[in-house]
Amino acid sequence: MTVHESSQTVEIDFVAPRYLAGGGDPAWITVPLHRACGWSHGHDPLMPRVILSSPDQKALLRLEPDPDSAWWTIQHAAGPDRPAWYASFGARTPVEIIAAFTDALTAPTGDVADAWDPLAPLRDAGWSPTTQDNRLASPDGTVRVDLHEATGTWWVTTTLNQAQRPVWQAHFGEHTPPHLITAFTTALTDPTPLARISTVDSLPTRDPHLVTHTRTEVRASQIAFVLEDRVRALAARHTAPAAAHALPRRPSAGPGHTR
């Protein structure tokens, strides 16, 4: 990031595709959960982790830097109509894509019917099926989304090439509500570039065949209020009409429709 004191502007890189933009600022998720959605947090200054629990104490989000496992985990207790479930996300999963999942989770109202098809946004975006059933790959071949029907689990894997470890993985356990996974895959395929104010050296790759970044000067005051605007928008959902709640569209039933 470069700040020009005379004009008070910040140089921002807009990165596409978004799944190769790097992790971003965790506050994009944790601050709205706490301030807009009422999630409580513990405090242990000796531990480099964040733990947030939902107001009903049924959901727990843990952000814990661990080089050998997922940094983000969400665990949800069983409810009257659904068994317990969990989701996890690697450190370099863009926070904007994880936020689509948590925003859908915390929406005051939402369609949780099993008619949601998490693969539909991928098909609509032109992702291609592979040799395996219920697996779709991004047009550049770096992301695979797999539904393991035998276990009911989902894996999303981003890899620059097969000889390297994945850039990031997301995992949705059995019984994860389909509308939450659909929110994730909808954000995953969104063509809108992601803004990053760290140096492009932090990107998973700078290969021009895989990623593009456009540097733009933006007023520093504009950047300062982006997170505040997000918090206000999410808080307003609790008083806004149900039609204003932003969930991904319900896909129509058709060939390949999953449960």
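# Reading the labels in this model

Tutor: Gln57 sits in the loop between strand S4 (50–53) and strand S5 (59–63), where helices (H or I, at least four residues) and strands (E, at least two) are DSSP runs numbered from the N terminus. This is a predicted model in which local features need pLDDT of at least 70 and side-chain atom pairs count only at pLDDT 80 or more, while totals for chains, interfaces and linings use all residues. Residues are numbered from 1 along each chain as its sequence is written, and side-chain values use heavy atoms, with hydrogens and water left out.

Student: Why does Gln57 count as exposed?

Tutor: Gln57 has a relative accessibility of 54%, and exposed means over 50%, buried under 20% and partly exposed in between (1.4 Å probe, protein chains only), so Gln57 counts as exposed. Gln57 also has a positive phi of about 65° although it is not a glycine. Most residues other than glycine have a negative phi.

Student: Why is the pair of Trp85 and Phe101 called edge-to-face?

Tutor: Rings of Phe, Tyr and Trp (its six-membered ring) pair if their centres lie within 6.5 Å, and planes under 30 degrees apart count as stacked, over 60 as edge-to-face and the rest as tilted. This rule gives eight aromatic pairs, and in one of them the rings of Trp85 and Phe101 are 6.0 Å apart centre to centre, with 75° between the planes, which makes the pair edge-to-face. The pair links distant parts of the chain, with Trp85 in strand S7 (residues 85–89) and Phe101 in helix H2 (residues 95–106), 16 residues apart. Trp85 is buried because its relative accessibility is 5%, and Phe101 is buried because its relative accessible area is 0%.

Student: How do you know that the pair of Trp168 and Phe184 is edge-to-face?

Tutor: The ring centres of Trp168 and Phe184 are 6.4 Å apart and the planes stand at 80°, so the pair is edge-to-face. Trp168 lies in strand S12 (residues 168–172) and Phe184 in helix H4 (residues 178–188), so this pair ties together parts that are 16 residues apart in sequence. Trp168 counts as buried because its relative accessible area is 2%, and Phe184 counts as buried because its relative accessibility is 0%. One aromatic cluster is formed by Trp85, Phe89, Phe101, Trp168, Phe172 and Phe184.

Student: Why is H1 called roughly parallel to H2?

Tutor: Helix H1 (residues 27–35) and H2 pack at an angle of about 20°, their axes 9 Å apart, where axes are lines fitted to C-alpha atoms over the stretch in contact and angles run from 0 to 180 degrees between N-to-C directions. Angles under 35 degrees count as roughly parallel, over 145 as roughly antiparallel, 65 to 115 as roughly perpendicular and the rest as oblique, so H1 is roughly parallel to H2.

Student: Which residues of H1 and H2 make the contact?

Tutor: Contact means heavy atoms within 4.5 Å, and it is made by Trp28, Ile29 and Leu33 of H1 and by Val95, Glu96, Ile98, Ala99, Thr102 and Thr106 of H2.
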